[in-house]
Amino acid sequence: MTEKQELSTLLPSDRLETQFSDAKPPYTDLEAVIEANRCLNCYDAPCISACPTGIDIPIFIKKIASGNIRGSATTIFEANMLGSSTARVCPVEELCVGACVFNELNHKPIQIGFLQRYVTEKALEAEVRTGNRLFVPADVETGKKVALIGAGPASLACAAYLALEGVSPVIYEKDELPGGLNTTAVAPYKFQTDDCMKEVEWILQHGVRLHTGVKIGKDVEFRQLVQEYDAVFIGIGFGKDGRLKLPGSDGSGVWGALELIREIKNNPNFSLPVNLNSVLVIGGGNTAIDVARELAMLGIPNVNIVYRRTRSEMPGYQHELEGASKYGVRMMENVVPISIVRDGGVIRSLKVKSNQSGEVFELSCDWVVEAIGQESHAIAVSPDIAVDEMGRVIVDSGTYMTTHPNVYAGGDCINGGKEVVNAAADGREAAFAMLRSWGIKSRFIKDDGKI
Amino acid sequence: MADLSINMCGIKSPNPFWLASGPPSNCGEQVMRAFEMGWGGAVWKTLGKPIVNVDSRLGAVDYSGTKMMGFNNIELITDRPLDANFKEIYEVKRRYPDRAVVVSLMAESKEEWREIVQRSEDAGADGLELNFGCPHGMCERGMGSSVGQEPVVLEKITSWVMEYAQTPVLVKLTPNVTDILDPGVAAVRGGGNGISLINTVKSLIGVDLDTLFIKPTVGAESTSGGYCGPAVKPIALNMVATLARDPRITVPISGIGGISNWQDSVEYFALGATSVQVCTAVMHYGYRIVEDMIDGLNNYLDEMGMKSVNDLIGKAIPGFVEWGELDLNYDIVAKIDASKCIGCGLCYISCLDGAHQCVHTNKGQCYAYHGEPDHGFNPRIEVSAPIRHQPKNGDLAHVPFIDEKECVGCNLCMLVCPVPDCITMEEISHSKGKESWNDRVARGLV
């Protein structure tokens, strides 16, 4: 068991992800002020309702317009401690930006993600420069300790809100790098691991302890955590890539999407074979689109997505598919994979069947990447934690408490895989529920119970 | 094509757009470039005894990303030798005989006024403008606004000038007075051939938040300046119209203050100005803005069926009355076009917090109790929503509705609405006929 505070030293250089440039580079001061001044400052604004963490978006934008950078960032972090990463990884087109009233006028909607990135980065730079922290932990000894399993967005958010009120959160992470999917899976043209480590370090600064390389059930028993701590938070995400196990899968060249993305993002020894020419990605979700775009951006000439239904039915976002198509990624609809065809052990093609004509044909390729969702691993934590038929941990919708007393859960392990911002909201609500149960008042909750 | 030429108390120009006295009319080279762009006339930067200027001199108010909504200066009159100015005036007039060159003047003694009036006219000025307006620097020396604020002195000095002047004389007024009619009437009484207004409004443009120095700074100090630019237009329009409707003001008016485009100028003409003068907009964008001013005014006059700019002068004045003459029986209410509403909620919150609590939504609390005159202190009740068309965003809860019974017709919701024609104010028919406050007083009802 190792305790980590200096995370940047853990991060290997020469990662393939560093070859990606920022798809949405940061705003300058002038760009931010011009954009902030465009905001109508709606009352009961639809962008707020569209945000899972309910950030008071018009307020933080008006504070940018008035030059109140610290106040603006505080407004964001009060609602969402992962305001730095969510500014960049949120599908804003589907959330706040998609709800902007300017869409109704056929005006360009306010670029909320850009503004949030601008102001959180600027405020955190100022924090480092001046030493004047945005949030100072309460100087009280509550004596309460919380163990959090998994160092992803849900646990990080939960731990931050707890630490600020004098509770001692301790995060246990099975991997060497914390951050969860922000570290291992987020598309590198949106957000890279070094920025993710900065965010985790910022959260830890508020009095959160982190143990990496600790597997619950192997290095530490779940029962032990329940006994030693006043509460336990499960933020373990969803599990490994689900696999099709097609005939011909055995052998090289068949990847799970998350597995491959993680190699690109975190493994300094990973590189793509020089003769890799053609990749087929199976799936219709955002992970399928992400991995296809990443491979195309890394120079693979033919990267295509095969999906069993149609474009209008796919769970992946249309704006993401359009983004990938700019790098040459195309999608074939209505085809079901049957088997992987190999020539002397080397992949020759993917045999598929048309959903419409029933015709069976081969699509030549060098690699097959499967992006068909994740398997649940929640059940492995403890048999005392009830899960639903999809393997999702069952929680009370108000308190995020599981069927086990004093054990809470949030993030992908309860929703089966949503956005980082959903996990941040879950972690916050679970923290507030724990604090309420101990009679501790969060500074972010007003007397009327609202944030 | 309408006829844009004007004759302002004998000063003729091919169009009504003149440079106001200020930095854009500081020297001959500038004025010639302006005339080349199409300006109809120029009022030369004020001439007088040599002065010394300070650094810095200008300050601005930016508003919501718009630069220079308001502008101020602590610059004084010309800091160039009089001889050079007169030589250039002569040269400009020689090259552009059809344009109006008016020379702004500021002097102290009667003898000084005589000399500077005669030298200006010798140089070829088409007219003179007496600067009784500057609210900074020169007023401390008994000139500028210190003259404009004393009707007796203003009338006296105007009459001195009239003794010597062979060309038409405009008296330029300061807005820094209680009633603009006092200096206006004095200018006419003194014999002035025309009135130009407004000069700048005495102002303090702001404070630097880092240093707490007042802007514009001269070292660590500053002083009151003169405010101008788009922000002052409503102040100037009121003063122009106040003079234009008064029967004692028998001379033409040259309108000044916040004019940036042809639309602004139309308002000035409609409120009684014969020519308009522009400074800040030129300082912001250059002389080129006159092209749209001429073009836009021409198209407007054509669309309105007016043959010349003279047809427009004073057209809005009959509607400018005292409050006591307004019709108390005239009723309008706000209407929201649900098909246009984008759901920003600004009409709701502005009426709730800033007006009369007559706009409601289907979500959230309704704070207003209606039916009692002191609504707001009574228990809250819901106002039932009328049946409405499906709005554009499909979310009925986002479209506010008006309690027409309580709506006071104030315009606020329409003014804050970002969507054109989404909120309109519609007249309610009434059979009571017009009745003003003055009517009620006359009938002994109040």
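**View 1. What lies buried in α8 of chain B.** In this predicted model, the buried residues of α8(B) are W262(B), D264(B), S265(B), V266(B), E267(B), Y268(B) and F269(B). Here "buried" means 20 or more other C-beta atoms within 10 Å of a residue's own, "exposed" means 12 or fewer, and "partly exposed" is in between, with C-beta atoms placed from the backbone. That makes seven of the nine residues of α8(B) buried, so the helix is largely enclosed by the rest of the structure. Helices are DSSP runs (H or I, at least four residues) and strands are E runs of at least two, numbered from the N terminus.

A quick note on bookkeeping: residues count from 1 along each chain as its sequence is written, and chains are lettered from A and ligands numbered from 1 in the order in which they are written. As the model is predicted, local features need pLDDT of at least 70 and side-chain atom pairs count only at pLDDT 80 or more, while totals for chains, interfaces and linings use all residues.

**View 2. The packing partners of α8(B).** The buried residues of α8(B) pack against α7 (233–244), β15 (253–256), β16 (273–278) and α10 of chain B. Contact means that two residues' C-beta atoms, placed from the backbone, lie within 7 Å.

**View 3. Where α8(B) crosses α10(B).** The axes of α8 (residues 262–270) and α10 (residues 290–303) of chain B come within 8 Å and cross at roughly 55 degrees. Axes are lines fitted to C-alpha atoms, for helices over the stretch in contact, and angles run from 0 to 180 degrees between N-to-C directions. The two helices are therefore oblique to each other, a label for whatever is left after roughly parallel (under 35 degrees), roughly antiparallel (over 145) and roughly perpendicular (65 to 115). On the α8(B) side, W262(B), S265(B) and V266(B) do the touching; they meet D292(B), M293(B), G296(B), L297(B) and Y300(B) in α10(B).

**View 4. K144 of chain A in its loop.** K144(A) sits in the loop between α7 (112–130) and β2 (145–149) of chain A. K144(A) is partly exposed, with 19 other C-beta atoms within 10 Å. Neighbours within four places in sequence aside, K144(A) is in contact with V167(A), S168(A), D230(A) and W438(A). The C-alpha atoms of K144(A) and V306(A), 162 residues apart along the chain, are separated by 51 Å.
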